[in-house]
Amino acid sequence: VIGTPLRLLLFAVLAVPGVVALQKDRGTLAGMLLAAALMLATTWLRYGGVLAAGRHYRAGRRDAAWNELRLVPLRGRFLAAGVRAYYRLLRAAILVDRGEWSAVLPECEAVLAMTGTKAANHSTAHGAMSKALVMLGEHEEAAEHLRLARSMPHKPALDKLLADVAHALDH
């Protein structure tokens, strides 16, 4: 995984000589260098550090994951749809882990507003919202999001969170 400072350095190493080559009428070299710089910039905008953040999160390095997500350009606005949902869900998961319940809700709402993402993304968002809402004392709303999360296809890893919410609602 290439960190942000290295990405910027690599971009500069490609773009600056590309501009110089363009000024010296070396069109082929300029085109190759600038195209490579553009591909690097586009990849960074489309995927950011989201995939790296996911690896950090799964390895238990929550702070490293959060720091990687903070570096995603423009809060993920230009990320590919599936990656944008993953970005928001990672942010929500870290906020759940931190107990920042009210901050979880807008992340999940953003996922639920997305079209063209997997149903598992929506069920995960409903699950995280149910957890946050039950912790905020909004039991009726939490129960509805729990019902929705359970009714959709989801990954087995979500089952524990859903069981915890159901237990909290029963007591």
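Reader: Where does Val 50 lie?

Author: This is a predicted model. In it, Val 50 belongs to helix α3, which covers residues 50-58.

Reader: Is Val 50 buried or exposed?

Author: The cut-off for buried is under 20% relative accessible area. Val 50 has 0% relative accessibility, so it counts as buried.

Reader: Now helix length. What should helix α7 span, and what does it span?

Author: Take 1.5 Å a residue. Helix α7, residues 119-135, has 17 residues and should span 24 Å. Its end C-alpha atoms are 24 Å apart, which agrees.

Reader: How many residues of α7 are buried?

Author: The count is 13 of 17, so α7 is mostly covered. Just after this helix comes Gly 137, with a positive phi of about 85 degrees.

Reader: What does the length check give for helix α5?

Author: Helix α5 runs over residues 81-98, 18 residues in total. From first C-alpha to last it reaches 26 Å, close to the 26 Å expected. Gly 99 follows α5, and its phi is positive too, near 75 degrees.

Reader: Which residues of α5 are buried?

Author: Start with the general idea. An α-helix has 3.6 residues a turn, so residues three or four places apart point the same way. In α5 the buried residues include Val 83, Tyr 87, Leu 90, Ile 94 and Leu 95. Arg 88 and Arg 91 are also among them.

Reader: What does Arg 91 pair with?

Author: Side chains of opposite charge can pair when their charged atoms come close. Arg 91 meets Glu 107 in a salt bridge, 2.8 Å from N to O. This pair links distant parts of the chain: Arg 91 is in helix α5, Glu 107 in helix α6, 16 residues apart. Both Arg 91 and Glu 107 are buried. Salt bridges with shared partners join Arg 75, Arg 88, Arg 91 and Glu 107 into one network.

Reader: How many salt bridges does the whole structure have?

Author: The search finds eight. One of them joins Arg 98 to Asp 63, with the closest N and O atoms 3.9 Å apart. It links distant parts of the chain, with Arg 98 in helix α5 and Asp 63 in helix α4 (residues 62-70), 35 residues apart. Arg 98 is partly exposed, at 37% relative accessible area. Asp 63 has 54% and counts as exposed.

Reader: What about Arg 98 and Glu 100?

Author: They form a salt bridge as well, and the closest N and O atoms are 3.9 Å apart. Glu 100 is partly exposed, at 36% relative accessibility.

Reader: Now the surface. Which residues make the nonpolar patch?

Author: Leu 6, Leu 9, Leu 10 and Val 13 make it, and the patch is about 350 Å². Leu 6 is in helix α1, residues 4-23. At 48% relative accessibility, Leu 6 counts as partly exposed.

Reader: Which residues gather in the patch of negative charge?

Author: Glu 109, Glu 138, Glu 140 and Glu 141 do, on the surface. Glu 109 is in helix α6, residues 101-112. Its relative accessibility is 44%, so Glu 109 counts as partly exposed.

Reader: One last residue. What is the phi of Asp 25?

Author: It is near 60 degrees, a positive value in a residue other than glycine. Asp 25 sits in the loop between α1 and α2 (27-47). Asp 25 is exposed, with a relative accessible area of 71%.

Methods: Residues are numbered from 1 along each chain as its sequence is written. This is a predicted model: local features need pLDDT of at least 70, side-chain atom pairs count only at pLDDT 80 or more; totals for chains, interfaces and linings use all residues. Side-chain values use heavy atoms; hydrogens and water are left out. Helices (H or I, at least four residues) and strands (E, at least two) are DSSP runs, numbered from the N terminus. The expected span of a helix is 1.5 Å times one less than its number of residues. Buried means under 20% relative accessible area, exposed over 50%, partly exposed in between (1.4 Å probe, protein chains only). Patches are made of residues with over 30% relative accessible area and no salt bridge: like charges are joined within 9 Å, nonpolar side chains (Val, Leu, Ile, Met, Phe, Trp, Tyr) within 5 Å. Accessible areas come from the Shrake-Rupley method with a 1.4 Å probe; for residues, only the protein chains shown count as cover. A salt bridge is a side-chain nitrogen of Lys or Arg within 4 Å of a carboxyl oxygen of Asp or Glu. Lys and Arg count as positive and Asp and Glu as negative; His and the chain ends are not counted. The place of a charge is taken as NZ of Lys, CZ of Arg, CG of Asp or CD of Glu.
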